[in-house]
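Colleague: I'm new to this one. Can you walk me through it?
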Amino acid sequence: HQGPQPATHVSPATVLVGVLDRTRSRRRPSDMTGQAHPAYAVGGLVIVGGLIGYLRKGSRASLAAGLGVGAGYLCSGNAIDMGAQFEGHSSAGILGTLLATSMGFRSLKSGKIFPSGVVAAIGTVSAAYHINKAIEW
């Protein structure tokens, strides 16, 4: 056994590069690129829709639901990107079902196709895609 090694100067940049390299090595990128894109797209659309609902009508419910469901979709997309395809697709499938159901009822109640009917259709397509992908994994 050798004694303690003499201290050497390590620059902060060297430490940062080392941390980033270790972080990247722990990351498990998805085998199939692009599978997270629908989750990111729907997440972004839902967030923007919630913001528009709040700005136009002052609807805090639209803002909260848009931010909550949108953030859930973004987290699902990140999970897919990180290699947790089943978990990411499953959660996005659940969110799509929630979106399709809630906005579908709203569209039926109001009799309006836009925006609730369109969002319900987007939720339905999203749910079908992500549930199919979850079953594949």
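Modeller: Helices (H or I, at least four residues) are DSSP runs, numbered from the N terminus. This is a predicted model, where local features need pLDDT of at least 70 and side-chain atom pairs count only at pLDDT 80 or more. Residues are numbered from 1 along each chain, and side-chain values use heavy atoms, without hydrogens and water.

Colleague: How many salt bridges does the structure hold?
Modeller: It holds 1 salt bridge, meaning a side-chain nitrogen of Lys or Arg within 4 Å of a carboxyl oxygen of Asp or Glu.

Colleague: Which residue pairs with glutamate 136?
Modeller: Lysine 133 does, with the closest N and O atoms 3.4 Å apart. Both residues lie in helix 5, 3 residues apart, about one turn of the helix.

Colleague: Is lysine 133 buried or exposed?
Modeller: Lysine 133 is buried, because its relative accessible area is 13%. Buried means under 20%, exposed over 50%, partly exposed in between (1.4 Å probe, protein chains only).

Colleague: New topic. Where is phenylalanine 114?
Modeller: Phenylalanine 114 sits in the loop between helix 4 (85-110) and helix 5 (116-136). At 62% relative accessibility, phenylalanine 114 counts as exposed.

Colleague: And how do helix 2 and helix 3 cross?
Modeller: The axes of helix 2 (residues 37-57) and helix 3 (residues 60-81) come within 7 Å and cross at roughly 165°. Axes are lines fitted to C-alpha atoms, over the stretch in contact, with angles from 0 to 180 degrees between N-to-C directions. Helix 2 and helix 3 are therefore roughly antiparallel, a term for angles over 145 degrees.

Terms used
Helices (H or I, at least four residues) and strands (E, at least two) are DSSP runs, numbered from the N terminus. Angles under 35 degrees count as roughly parallel, over 145 as roughly antiparallel, 65 to 115 as roughly perpendicular and the rest as oblique.
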